[in-house]
Amino acid sequence: MDSISTKVGYGGNPMHKRSPGDFKLNPPSDGRQHKTLCDRAKVFTRAEATRLLKQGAAYGLVSDAMKGDWPKNIWAVAQNGEPVEAILENETQGIYHGYSMGDSDPMAASVRQRWSAATCR
């Protein structure tokens, strides 16, 4: 997964943002009621979102489902302990957007556990 972690990029999606941060999206934010917001994870910069995406890939927290050369999903844990999920939005370039998983997501605990195990290596 190291090779994927060096190639993935973060695009962003205004539907998952209340605060526009420095993502330079158009529109800057358009948080939707039925979408989880990345604001919950306190990820407000593209640099932090990209770091989490690359770290998740390096730790192997990726889905088995692939689209082209890219895993459909990559998971990570934000600095505040919130599990986040990124989904592939551009399978030509390996660009993802992410969002908070929320406590009701059944995979959230597994992501926290795998992230913790990976950071203790």
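This is a predicted model: local features need pLDDT of at least 70, side-chain atom pairs count only at pLDDT 80 or more; totals for chains, interfaces and linings use all residues.
Once residues up to four places away in sequence are set aside, Ile4 touches Ala57, Asp69, Trp70 and Pro71.

Ile4 and Pro27 stand 23 residues apart along the sequence, and their C-alpha atoms are 29 Å apart.

## The aromatic pair

A pair of aromatic rings is described by the distance of the centres and the angle of the planes. The count of such pairs comes to one here. It is formed by Tyr59 and Trp115, whose ring centres are 4.9 Å apart and whose planes meet at 65 degrees, so the arrangement is edge-to-face, given that angles over 60 degrees are assigned to that class.

Tyr59 is placed in the loop between α2 (46–58) and β2 (66–67), whereas Trp115 is part of helix α3 (residues 108–119), so the pair ties together parts that are 56 residues apart in sequence. Both Tyr59 and Trp115 are buried.

## Salt bridges

The structure holds four salt bridges. In one of them the side chains of Arg40 and Asp103 meet at 3.0 Å, taken from N to O, and this pair links distant parts of the chain, since Arg40 sits in the loop between β1 (9–10) and α2 while Asp103 sits in the loop between β6 (95–100) and α3, 63 residues apart. The two partners fall into separate accessibility classes: Arg40 counts as partly exposed because its relative accessibility is 41%, and Asp103 counts as exposed because its relative accessibility is 58%.

Asp103 also forms a salt bridge with Arg112, the side chains meeting at 4.0 Å from N to O. Arg112 has a relative accessibility of 34% and therefore counts as partly exposed. Through salt bridges that share partners, Arg40, Glu82, Asp103 and Arg112 are joined into one network.

Another salt bridge brings together the side chains of Glu48 and Arg51, at 2.8 Å from N to O. Both residues lie in helix α2, three residues apart, which is about one turn of the helix. Glu48 is buried, with a relative accessible area of 16%, while Arg51, at 31% relative accessibility, counts as partly exposed.

Strand β6 is mostly covered, with six of its six residues buried. The burial applies to both faces: Ile95, His97 and Tyr99 are buried on one side, and Tyr96, Gly98 and Ser100 are buried on the other.

Two strands that pair with β6 can be described in turn. β1 runs parallel to β6 and is joined to it by two bridges, with Tyr10 standing opposite Tyr96 of β6. Strand β5 (residues 83–90) runs antiparallel to β6 and is joined to it by six bridges; here the bridge partner of Leu88 is Tyr96 in β6. β5 and β6 form a hairpin with four residues between them, and Gly94, which lies in the turn, has a positive phi of about 70 degrees.

Asn13 is located in the loop between β1 and α2. Its relative accessibility is 15%, and Asn13 therefore counts as buried. Apart from its neighbours within four places in sequence, Asn13 is in contact with Leu25 and His97, the latter being one of the buried residues of β6.

Rolling a probe the size of a water molecule over the atoms shows where empty space is left. The structure holds one cavity of 30 Å³ or more, and the volume of the largest cavity is about 140 Å³. The largest cavity is lined by 15 residues, of which Tyr10, Ala49, Leu52, Val84 and Gly98 are the closest to its centre.

At least two lining residues of the largest cavity come from each of α2, β4 (73–77), β5 and β6. Gly98, named among the residues closest to the cavity centre, is also one of the buried residues of β6, and Tyr10, likewise among those closest residues, is the residue that stands opposite Tyr96 in that strand.

Terms used
Residues are numbered from 1 along each chain as its sequence is written. Side-chain values use heavy atoms; hydrogens and water are left out. Contact means heavy atoms within 4.5 Å. Rings of Phe, Tyr and Trp (its six-membered ring) pair if their centres lie within 6.5 Å; planes under 30 degrees apart count as stacked, over 60 as edge-to-face and the rest as tilted. Buried means under 20% relative accessible area, exposed over 50%, partly exposed in between (1.4 Å probe, protein chains only). Two strands pair if DSSP finds at least two bridges between them. On a 1 Å grid over the protein atoms alone, a cavity is a set of points where a 1.4 Å probe fits but cannot get out, and a pocket is an open set with protein on both sides within 12 Å along at least five of seven lines; lining residues have an atom within 4 Å of a point. Grid points are joined across faces, edges and corners, and a volume is the space filled by probe spheres set on the points.
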